[in-house]
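Subject: Structure handover

Hello,

Here is the structure you will be working with. Please open it beside this email and follow along.

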Amino acid sequence: MRILLVEDDRRVAAALSSALTRRGYEVEHAATVAAALSAAPCDLVLLDLTLPDGDGTDLCRELRRRSNQLGIIAVTARGEERDRVLGLRLGADDYVVKPFSMVELQARIEAVLRRAANAAPERHLIEAGTVRIDVAARAVTVEGRAVTLTRKEFDVLLSLARQPGVAVPRDRILLDAWGTTWADRHTVEVHVGSLRGKLGDPRLVETVRGVGYRLRDA
């Protein structure tokens, strides 16, 4: 998962970037409004409202205008009620006042990402190579053969199938299937191993070393 950290204080940005990277996120730092607007696409923005070349509230409004699915958390020293209300009304999903703990920030990031995932329109039918998934019925077939999966095995497969052919990080799978990234990553490995066995072809779910897993789309 990609996070855009918009923060003009270099020391704060370095500390946050390091902590988020250790938790498995890919972090891009932008110190200005201009840099944030030209940054690569991401899943979530951590947005300081006090920036050297403009007001973070205007940036929040523009980011929300560009995407309804983007997660936005205002991370700022502005703790007054009117500031929090304004930030939320302009499109922020959550508002964290400095100083804060990484445990709190992690929980808020996960909550926002879960809401964004649940709000995204879900395809009723997903096909990736020989794998066919009926999302509404929670039914899976491989080459026309019905495959019986546990609830978590299905959730892991669905996490991969939403982006067939793309490497999905373990933390993204944990968030999709368990609703948190704090779970033991070995849990994902165990369920992927079981999933491979039930699909009948271990090559359908490929390991992407150092990243996660990919559902073959061929």
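First, a term: buried means under 20% relative accessible area, exposed means over 50%, and partly exposed lies in between (1.4 Å probe, protein chains only). This is a predicted model, in which local features need pLDDT of at least 70, side-chain atom pairs count only at pLDDT 80 or more, and totals for chains, interfaces and linings use all residues. Residues are numbered from 1 along each chain as its sequence is written, and side-chain values use heavy atoms, with hydrogens and water left out.

**Salt bridges**

A salt bridge here is a side-chain nitrogen of Lys or Arg within 4 Å of a carboxyl oxygen of Asp or Glu. By this rule the count is 18.

Take aspartate 201 and arginine 216. Their side chains meet at 3.6 Å, N to O. Aspartate 201 sits in the loop between helix 8 and strand 13, and arginine 216 in the segment after strand 14, so the pair ties together parts 15 residues apart in sequence. Helices (H or I, at least four residues) and strands (E, at least two) are DSSP runs, numbered from the N terminus. Is aspartate 201 buried or exposed? At 17% relative accessibility, aspartate 201 counts as buried. Arginine 216, at 24%, counts as partly exposed.

Next come aspartate 94 and arginine 108, bridged at 2.8 Å, N to O. Aspartate 94 is in strand 7 (residues 94-97) and arginine 108 in helix 5 (residues 102-119), 14 residues apart. Aspartate 94 is buried, at 14%. Arginine 108 is partly exposed, at 25%.

Glutamate 28 lies in strand 2 (residues 26-30) and arginine 2 in strand 1 (residues 2-6), so the bridge ties together parts that are 26 residues apart in sequence. Both are partly exposed: glutamate 28 at 26%, arginine 2 at 22%. Salt bridges with shared partners also join Arg2, Glu26 and Glu28 into one network.

**The annotated aspartate**

Which residue does UniProt list for "modified residue: 4-aspartylphosphate"? The unreviewed entry lists Asp48. UniProt positions are given in the numbering used here, feature names are shortened, and annotations may be inferred rather than shown by experiment. Aspartate 48 is in the loop between strand 3 (44-47) and strand 4 (50-51). Its relative accessible area is 5%, so aspartate 48 is buried. Contact means heavy atoms within 4.5 Å. Not counting residues up to four places away in sequence, aspartate 48 touches Val6, Glu7, Asp8, Gly56, Val75, Thr76 and Lys98.

**Two sheets**

Two strands pair if DSSP finds at least two bridges between them. An open sheet of 4 strands has the order 8-9-10-11, with antiparallel pairing. Strand 8 and strand 11 (145-147) are at the edges with a single partner each, so one side of each has no neighbour in the sheet. The twist averages 25° from one strand to the next. Angles run from 0 to 180 degrees between N-to-C directions, and axes are lines fitted to C-alpha atoms, for helices over the stretch in contact. Helix 6 packs on this sheet, touching strands 8, 9 and 10, and its direction makes about 110° with that of strand 9.

Another open sheet has 3 antiparallel strands in the order 12-14-13. Strand 12 (168-169) and strand 13 (205-208) are its edge strands. Helix 6 lies across strands 12, 13 and 14, at about 75° to strand 14. Helix 8 lies across strand 13 and strand 14, at about 150° to strand 13.

**The core**

A nonpolar core is a set of buried Ala, Val, Leu, Ile, Met, Phe, Trp, Tyr and Cys residues joined through side-chain atoms within 4.5 Å. How many residues does the largest one have? It has 27, and those with the most contacts inside it are Ile133, Val140, Leu157, Leu199 and Val205. Helix 6 gives the most to this core, with 6 residues. Isoleucine 126 stands opposite isoleucine 133 in strand 9. Beyond its neighbours within four places in sequence, isoleucine 133 has contacts that include Phe154, Leu157 and Ala161.

Last, helix 7. Of its 9 residues, 7 are buried, so helix 7 is largely enclosed by the rest of the structure. Just after helix 7, glycine 179 takes a positive phi of about 75°.

Best wishes
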